[in-house]
Structure formats: structure tokens, C-alpha cells
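Here is a short briefing for a first look at a protein structure. Keep the sequence and the 3D view open as you read.

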Amino acid sequence: ISYYLLIFLFKFISLPIAENASQRIGFKGIIWASAIPFFIFIPSLVHAQEAPLLLIVAAISFGIHSGFFWWGYHGYFTKTAEKFHFGRRVGQARLLDTIASVVTPFTGAVIVNFFGFTALFVAAAVIVIVSLFLLGKDHDKRQKTDVKYVDVLKLIKKHKHSFLKQEKTLIILD
């Protein structure tokens, strides 16, 4: 439980940092920046068996990676999706997410079964590197307005029904 609490704590801390940085380096830049803590996470997790304190490093680095990556992903998606076909693009993104959610555990199990956990982590790192190069850095979009947590909390309070509906959907789909 402590491991996951650290992840969520550092994700929560890194989100405003990612938001501010996306104004300067763009959403793709934030996704690229998320690779740094990810590449700290991988060896920390691999060597945690010999040094269990590395689980703390792994949780912190994954939380930072998660906050940066998801801010960049959602920001770029929102800025680049077609205005009049946004629902279709969300559906396509969810379809790809569902396919990945089905294929990934099976593929991971095959890799672990034949090559071990270290090979799985190395494969994840290679996939991240390839994905970053496919993402590229051109045609990036930037965050234009500053988002404050207080403003978000006010919107949640004002639109409780919409927020609860969205959270329910996210829980079911994730």
C-alpha cells in the first residue's frame, strides 16, 4: 500500500510541475521529459530484490513519470483532436487502450516465462524509446493558460454530477 501511496503522492506533486513546464517546452516535450524518471524506475525495480530501499526510488520515479506522461498525453490529445470529431477520437484512443490492456499482460507473461523479469523491463524501456522517436518533437502544442488546483476543485464542486460520472467511467474503463 505504501508503494502505491508514494506513486500517487508524487504523481499529484508532479502534475503542476508538468503543467507549468508544458507552457515552455510543450506537451510532447513533457512526454519526452517523462522518460527520464521512467529510466530511473526500470533499474530501481530490477535491483530492488538486492536493495529493497530501491522500491522507494521506483515508486517516486514512477509517480513523477506518470504525472508528466499523462499530462503531456492528455494535453496533446486535447489540443490536436479534431474539434467536431472529438468523441470519435476519444473512442479510437479508448479502443487502442483496451487492445493494449488485453495484449500487454499476455505478452508480458510470455516474456517473463521465457526470459525473466529483467527482460520484461528491458523490453518496456525499448518500447518507450521507440515510442518517443515515433512521437517525434515537431508540431508540438503548448499549454496556454495556467491551471490552478483551486480552480479545478471549484469546477468539481460546481459540476459534481459531471465529475462523478467521469470518475465512474474512468474506473470502469481503467
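This is a predicted model: local features need pLDDT of at least 70, side-chain atom pairs count only at pLDDT 80 or more; totals for chains, interfaces and linings use all residues.

The protein chain has six helices and zero strands. Of its 174 residues, 24% count as buried.

**The chain as a whole**

- From the N terminus on, the elements run α-α-α-α-α-α.

**Helix α2**

- Helix α2 covers residues 54-80, which is 27 residues.
- At 1.5 Å a residue, helix α2 should span 39 Å. Its end C-alpha atoms are 38 Å apart, which agrees with that figure.
- Several residues of α2 are buried, including Ala-58, Ala-59, Gly-63, His-65, Ser-66 and Gly-67.
- Gly-72 and Gly-75 are also buried in α2.
- What covers the buried residues of α2? The cover includes α1, residues 2-46.

- Ser-61 is found in helix α2. Its relative accessibility is 5%, under the 20% cut-off, so Ser-61 counts as buried.
- A polar atom of the Ser-61 side chain lies 3.4 Å from the backbone nitrogen of Phe-41.
- Beyond its neighbours within four places in sequence, Ser-61 is in contact with Pro-37, Ile-40 and Phe-41.
- Phe-68 is another residue of helix α2. Phe-68 is buried, with a relative accessible area of 12%.
- Leaving aside neighbours within four places in sequence, Phe-68 touches Ser-14, Ile-17, Ala-18, Ile-30, Ala-33 and Ser-34.
- Phe-68 and Ala-21 are 47 residues apart along the chain, yet their C-alpha atoms are separated by 9.4 Å.
- Tyr-76 also has its place in helix α2. At 18% relative accessibility, Tyr-76 counts as buried, because the cut-off is under 20%.

- Ser-44 sits in helix α1. Is Ser-44 buried or exposed? Its relative accessible area is 6%, so Ser-44 is buried.
- The side chain of Ser-44 has a polar atom 2.7 Å from the backbone oxygen of Ile-40.
- Apart from neighbours within four places in sequence, Ser-44 is in contact with Leu-54, Val-57 and Ala-58.
- Leu-45 is in helix α1 too. Leu-45 is partly exposed, with a relative accessible area of 22%.
- With neighbours within four places in sequence set aside, Leu-45 is in contact with Tyr-3, Leu-55, Ala-58 and Phe-121.
- Leu-45 and Ile-56 are 11 residues apart in sequence and 9.4 Å apart in space, C-alpha to C-alpha.

**How α1 packs on α4**

- Two packed helices are described by the angle between their axes and the distance between the axes.
- For α1 and α4, the angle is about 170° and the axes are 11 Å apart. That makes α1 roughly antiparallel to α4.
- On the α1 side, the contact residues include Lys-28, Ile-31, Trp-32, Ala-35, Phe-38, Phe-39 and Leu-45.
- On the α4 side, they include Thr-118, Phe-121, Ala-124, Val-128, Ile-129, Leu-132 and Phe-133.
- By class, this contact of α1 with α4 has 16 nonpolar, one polar and one charged residues.

**How α3 packs on α4**

- Helix α3 covers residues 86-115, and helix α4 covers residues 117-135.
- At what angle do α3 and α4 pack? The angle is about 135°, with the axes 7 Å apart. That makes α3 oblique to α4.
- Gly-108, Ile-111, Val-112 and Phe-115 make the contact from α3. Phe-117, Ala-119, Leu-120 and Ala-123 make it from α4.
- The residues of the contact of α3 with α4 divide into seven nonpolar, one polar and no charged.

Terms used:
Residues are numbered from 1 along each chain as its sequence is written. Side-chain values use heavy atoms; hydrogens and water are left out. Helices (H or I, at least four residues) and strands (E, at least two) are DSSP runs, numbered from the N terminus. The expected span of a helix is 1.5 Å times one less than its number of residues. Buried means under 20% relative accessible area, exposed over 50%, partly exposed in between (1.4 Å probe, protein chains only). Contact means heavy atoms within 4.5 Å. A polar contact is a pair of N or O atoms within 3.5 Å; within protein, one must be able to donate a hydrogen and the other to accept it, and residues adjacent in sequence count only if both atoms are side-chain atoms. Axes are lines fitted to C-alpha atoms, for helices over the stretch in contact, and angles run from 0 to 180 degrees between N-to-C directions. Angles under 35 degrees count as roughly parallel, over 145 as roughly antiparallel, 65 to 115 as roughly perpendicular and the rest as oblique. Ala, Val, Leu, Ile, Met, Phe, Trp, Tyr, Cys and Pro count as nonpolar, Asp, Glu, Lys and Arg as charged, and the others, Gly among them, as polar.
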